[in-house]
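Hi,

Here is the structure I promised to pass on.

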Amino acid sequence: MEITQEMDLYQKLMILSDAAKYDVACTSSGVDRAGSGRGMGNCIAPGICHSFSTDGRCISLLKILFTNECVFDCRYCLNRSSNDILRASFTPDEVCRLTIEFYRRNYIEGLFLSSGILKNPNYTMELLYQTLYQLRSQYHFEGYIHVKAIPGASQELIEKTGFLADRMSVNLELPTAESLRRLAPHKTRKKILAPMRQVQIRRKENKEELVLYRNAPRFVPGGQSTQMIVGATPESDFQILSVAESLYRKFDLKRVFFSAFVQVNQDALLPALPGGPPLLREHRLYQADWLLRFYGFTAGELLSESRPNFNAALDPKCDWALSHLERFPVEVNQADYYTLLRVPGIGPKSARRIVQARRHGTLDFPALKKAGVVLKRAVYFITCNGRQMYPLRIEEDFILRNLLQVCERRPAETVTYRQLSLFDDGQMLGEVPEKLKLAGM
Amino acid sequence: MQGETKMVIYVCEDCVDGIFTGVYNAWASRLGHANVALRVEGPTDLELFAEYRSVETDAQKAQKVADTIRRRMGETSYEMIYRAALANAPEKADCIYRVLAVGLSRHTDSRIARHLIEGLQDTNACRIFELSRKVQNEAHRYEGFVRFREIEGGVLFSEIEAENQILPLIGEHFSDRFPNEHFLIFDHCSGDCLVHAARQQWFIWRGAGKELPEYLEDRSGFSGRGAGRESCGKDPEKARRVEESADGIRKNEEQLSSERIEKIKYPAYSAAGLPPVSEEEIQRLWRGFCGSISIRERENLNLQRQFWPLKFRKWMTEGSGQESRL
Ligand code: SF4
């Protein structure tokens, strides 16, 4: 359908942002880049939330597709070639303009540019490259750019584009090669992993270049991320989390995002999901992902072949602690940082404060509270100077019953689980924006 | 007799320099820490058996105190104290004094002085930590929530209502981000305005609220009016340079004509032969975007409200409801 010409910028933006909304992105990339003074923009490592959409997710980037035309026919995607929908394409100039005008009004932190496959992967990647090139060199934009690497595009194009972007991502789409074959007939696992590997290797080389020449151009300084759809295919939480873990290890990814499957197409191969997108599952996976990245947990500690899915009623950390009661109670005045981190109710921030404050004397329970420890959860797992806060049994059933009162409630109940923090560890209560970033919302 | 001693209360201006000057005066009085207290100006109950001394803000004294804090307690502690001094909390002045009484004392071991604020055992230190965090969080949120609109001459204008005096904390961020823009961020609560002229040092225009409306009305160029009035940049050194740069703005005015700025900013616009987009149209595009980016199946207004409290939305372009989707 070629109706692009008659559409005005507003209509295009509506179509192409609507089509991009299922992609997860955040700006907490770890890129800190001061402005050069010659253009516009800088990058802030922890990221900045600029707004929030009615689904409660943070809006920080102008998240758009370059085009929603697509020659592929992925069954889970609204843009699949067999769907009869309104199609639109931006021009590179239009994207630059929107980015610049939004950015200078402080609406956004930068651009997230993805695309359907127009004609073929190379043609599409070239357009993305052109857009970034103009934005950087003609509009002097120095803010954050996250761009998709199109699987199947030439190495050369991906390399060129990577020198203009802060972050690149290739979507894994589905957790296993088998599922991909079923739902995305034009894609293969191999084709998806190839650009991911390329970016990984090039980044490594670039780091060495930067050691030698401080002013060498930087290649994807914010690293790579990827995304998996959860709930469209039959994989278990254990499989999904293990895939995430190996992506972190083997591909040096910065983030793995999970996206609860939203039914947009009627297709016999897709599950019906009468209860809506599996949000609780997505939430548990993000919590577990957090445990992998910041708490020193491994996937195998949290789940196993015999217990492949997360507990709906308890967050993964509480769940783990309950099945490892032999490790508790922990003496807060002595335990090291990593041991403290494993206590429900203690997060990285409060653990750090405890370790710092211990230098000035022994801590009592009120001091722990000031450090940000959530005592109503931690009490079952800690002692202070050899004493519990009040006499408690360290026994699974007893703790479980009590924790269920103070841990997250299930979403069916009055409060939805998403209103509660990622963990009630308190460590994130102070800085809401970061927390969102890290929660991948 | 000890009991006869009257408490002496130093009343300072509610800004960093004011509080630091108060610290200086109280310390120099040699009355003994137990016999002095600090307050910031504002409605407080007068204590009967106390003597009130009003503190005249003195940039040099404040600078001395700032330097001493940095030297004795380190940069991190200084930043925390600085941020606490910007908080909307009347007790902050005395908390700061109490902590400094220990931290700057010759009898305090220097390692202890440097880590004083981390301690969880001291109430005043804890309070400073809390206040500092609160102020920093608010400043961080406003780095995202500030909304500019373009007014005459390509100047970007923004209004906020901040609980704490966060303008000095966000000046660096926005200047680094928009070095070639003229922008103003006006805080309705403090009545102060952050002023940045393209490629100049930013500064705080104190009490801008009184003059701003007329300033906005008759702006023909960027005059940098009100510059040098009083500036509270984070770095007192830098703040002092503001006076000069304010002069600089006036001098460079012709040189910085908006036409030239346009050229620096958007050489590509004219190259591509694109027509200008009006301010209203850009706002409409943004509101439309905020609506269409939301996933209906995941709708959760409570969550949205939790992260984006209503009080922030008042001055935000998309705050008054997002336009319906296509
Ligand atoms: S390649 Fe597949 S997922 Fe991507 S836009 Fe096309 S149909 Fe959608």
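Where is A:Pro329 found? A:Pro329 is in the loop between helix H10 (316-322) and strand S9 (330-331) of chain A. Before you zoom in, bear in mind that this is a predicted model. The bond to look at there is the peptide bond between A:Phe328 and A:Pro329, which is cis, with omega at about 0°.

Another backbone spot to check is A:Asn106. This residue has a positive phi of about 65°, although it is not a glycine. You'll find A:Asn106 in the loop between H2 and strand S4 (110-114) of chain A.

Now for the ligand. The space that the ligand takes up is the largest cavity.

Last, a helix pair. In chain A, the axes of helix H1 (residues 9-18) and helix H2 (residues 92-104) come within 12 Å and cross at roughly 85°. An angle from 65 to 115 degrees counts as roughly perpendicular, so that is what H1(A) is to H2(A). On the H1(A) side, the contact uses A:Leu9, A:Lys12 and A:Leu13, which meet A:Glu94, A:Leu98 and A:Phe102 in H2(A). The residues of this contact split into four nonpolar, no polar and two charged.

Cheers

Terms used: Residues numbered from 1 in each chain as written. Chains lettered and ligands numbered in written order. Predicted model: local features only at pLDDT ≥ 70, side-chain atom pairs only at ≥ 80, totals over all residues. Heavy atoms only, no water. 1 Å grid on protein atoms, 1.4 Å probe; cavity = no way out; pocket = protein on both sides within 12 Å on 5 of 7 lines; lining within 4 Å. Sits in = over half its atoms within 2 Å of the grid points. Axes fitted to C-alpha atoms, helices over the stretch in contact; angles between N-to-C directions. Helix = DSSP H or I, 4+ residues; strand = E, 2+ residues; numbered from the N terminus. Parallel < 35°, antiparallel > 145°, perpendicular 65-115°, else oblique. Contact = heavy atoms within 4.5 Å. Nonpolar A, V, L, I, M, F, W, Y, C, P; charged D, E, K, R; others polar.
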